[in-house]
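Dear colleague,

Please find below the structure I promised to pass on to you.

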Amino acid sequence: MQEILLIGFYQPDEPLTRFLEAAQQDFHLPIRYLQEFAPLGTGGGLYHFRDQILAGGPEAFFVLNADVCSNFPLSAMLDAHRHQPHPFLLLGTTANRTQSLNYGCIVENPQTHEVLHYVEKPSTFVSDIINCGIYLFSPEALKPLGDVFQRNQQDGQLEDCSGLWPGAGTIRLEQDVFSALAGQGQIYVHLTDGIWSQIKSAGSALYASRLYLSQYQITHPERLAKHTPGGPRIRGNVYIHPTAKVAPSAVLGPNVSIGEGVTVGEGVRLRESIVLHGATLQEHTCVLHSIVGWGSTVGRWARVEGTPNDPNPNDPRAHMDSESLFKDGKLLPAITILGCRVRIPAEVLILNSIVLPHKELSRSFTNQIIL
C-alpha cells in the first residue's frame with residue numbers, strides 16, 4: 001500500500017485534520033483528503049481525481065465505501081486479481097432473499113466468477129449475492145468512467161435550462177458502470193464469508209462494534225480486556241482504552257467499547273454500548289444498548305437504555321435492516337444516543353431516546369428526541 005486518499009464533498013474541519021495526522025503516524029502512510037467541488041456520486045470523485053489516484057503508477061487501487069464494516073479481505077482480493085487480472089473486482093457476500101432487495105445484486109458465472117448481471121436495489125429477487133461496496137480496480141477501470149463523463153456532457157448539452165441535469169461529473173458506479181458492463185468480461189466478483197455490515201444508523205454502529213470486537217478474538221486478542229484480580233468484572237468481548245479509569249466493582253460486557261479518558265465509577269453496569277472519549281459514568285449507573293457521546297456525564301443511579309435491532313440470529317445470511325427512525329410521526333424504539341457533552345442527572349431514566357449535544361436534562365424521557 002503506497003497511499004490512502006479520502007474523497008468526499010464535505011468541508012474539511014479541525015477534527016478531520018487531527019484524525020488524518022494521527023492516522024498517518026499510526027500507519028506510516030501518506031493520507032490525504034480530496035474535496036469534491038460538488039457531490040459527484042459514488043464514481044464521480046474517482047474520475048475527477050484520476051490523476052492523483054494514478055500518480056506513482058499503481059498496479060491497482062482499492063475503493064472502499066466509508067459506511068461499511070468488514071474484515072476487509074484485501075490481500076485475498078489482490079491475490080485473485082493477480083491470478084486473473086480484470087478492470088473491476090467486486091467483493092460480494094450473501095444475503096437472504098428479502099434483504100437482498102436492499103443492496104446491489106450480482107449474478108455470477110459460478111465457474112469463472114464473472115459478473116453476468118448487476119442490478120442496484122431490484123424490485124424483485126435477482127440474486128442472493130450482494131455488493132459489499134469494497135472494490136479493487138485496475139488503472140484501466142477509469143476509462144469506462146470517462147466514457148460515462150463524456151456521455152453525461154453530451155446529454156447535458158441537449159438538456160433545457162430546467163435545472164434537472166445533475167452535471168457531467170456525477171457518476172454512479174453501480175448503475176452507470178457495473179450494470180452497463182456486466183456480462184462483457186470486465187467485472188468479476190470475489191466472494192467472502194467474513195464479517196460485513198453496512199453502517200447506516202447508530203444501531204448498526206453498535207452491531208459493527210460487536211463484529212469488530214469478535215474479530216479481535218482472532219486478529220488482536222491483546223486488545224481485549226481480561227478479568228484480573230482487583231479489576232472490573234469482564235463478561236465477553238470488551239475494549240478499554242489504556243487511559244480510561246474503571247472502578248473495580250464495575251461490570252462490563254459483553255460487547256462494550258470504552259474510549260480515551262473515560263471514567264467509569266463504582267458499581268456501574270455497561271452492556272452492548274460504546275462510551276466515547278472523555279465521558280463520565282458516575283456511581284451505580286446502568287447503560288445498555290446505547291452510545292454515550294464525547295464528554296458526556298451520566299449521574300449516579302441513572303439508567304440509559306435502548307432497544308436493540310439486531311439481525312435474525314437464526315439466519316446466518318441476515319444483515320442489519322436500515323430502518324427509518326420514525327413511523328407515523330413517532331420515534332421508533334431504537335438504541336439510545338447521547339450527543340457530546342450531555343449531562344444526565346442522578347436517578348434519571350433515558351429510554352429509546354436521542355439527546356442532541358450540549359443538553360442538560362432534569363427529568364426522565366422515553367421515546368423522545370431531545371433538542
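This is a predicted model: local features need pLDDT of at least 70, side-chain atom pairs count only at pLDDT 80 or more; totals for chains, interfaces and linings use all residues.

Overall form

The protein has eight helices and 31 strands. Its C-alpha trace spans about 65 × 50 × 40 Å along the principal axes. The radius of gyration is 23 Å, which agrees with the value near 21 Å that a compact globule of 371 residues would have. Of the 371 residues, 43% are buried. Among contacts with a separation of 6 or more, 50% are between residues 24 or more positions apart. The accessible surface comes to about 19300 Å², and carbon and sulfur atoms account for 52% of that surface. As for charge, there are 27 positive and 35 negative side chains, and the centres of these two sets lie 10 Å apart.

A buried glutamate

Glu114 is placed in the loop between β6 (104-108) and β7 (115-120). This residue is buried, yet Glu114 has no salt bridge. The nearest side chain of opposite charge is that of Lys143, 17 Å away.

Backbone features in two loops

The loop between β14 (251-252) and β15 (256-258) contains Pro254. The peptide bond that joins Gly253 and Pro254 is cis, with omega about 0°. Asn255 is found in the loop between β14 and β15 as well. Although Asn255 is not a glycine, its phi is positive, at about 60°. Asn255 counts as buried because its relative accessibility is 13%, and the limit for burial is under 20%.

His289 lies in the loop between β20 (286-288) and β21 (290-292). This histidine is not a glycine either, but has a positive phi of about 50°. With a relative accessibility of 11%, His289 counts as buried.

Salt bridges

The structure holds 10 salt bridges.

Glu59 and Arg82 form a salt bridge in which the closest N and O atoms are 2.9 Å apart. Glu59 lies in the loop between α3 (50-54) and β3 (61-64) and Arg82 in helix α4 (residues 74-83), so the bridge ties together parts that are 23 residues apart in sequence. Glu59 counts as partly exposed at 43% relative accessibility, and Arg82 is partly exposed with a relative accessible area of 48%.

Asp147 is partly exposed at 37% relative accessibility, whereas Lys143 is exposed, with a relative accessible area of 57%.

Asp310 forms a salt bridge with Arg210, and their closest N and O atoms are 2.7 Å apart. This pair links distant parts of the chain, 100 residues apart: Asp310 is in the loop between β23 (303-305) and β24 (326-327), and Arg210 is in helix α8 (residues 202-219). Salt bridges that share partners join Arg210, Asp310 and Glu272 into one network. Asp310 is partly exposed, with a relative accessible area of 37%; Arg210 is partly exposed too, at 22%.

With kind regards

Note on methods. Residues are numbered from 1 along each chain as its sequence is written. Side-chain values use heavy atoms; hydrogens and water are left out. Helices (H or I, at least four residues) and strands (E, at least two) are DSSP runs, numbered from the N terminus. The radius of gyration is taken over C-alpha atoms; the globule rule is 2.2 Å times the number of residues to the power 0.38. Buried means under 20% relative accessible area, exposed over 50%, partly exposed in between (1.4 Å probe, protein chains only). Contact means heavy atoms within 4.5 Å. Accessible areas come from the Shrake-Rupley method with a 1.4 Å probe; for residues, only the protein chains shown count as cover. Lys and Arg count as positive and Asp and Glu as negative; His and the chain ends are not counted. The place of a charge is taken as NZ of Lys, CZ of Arg, CG of Asp or CD of Glu. A salt bridge is a side-chain nitrogen of Lys or Arg within 4 Å of a carboxyl oxygen of Asp or Glu.
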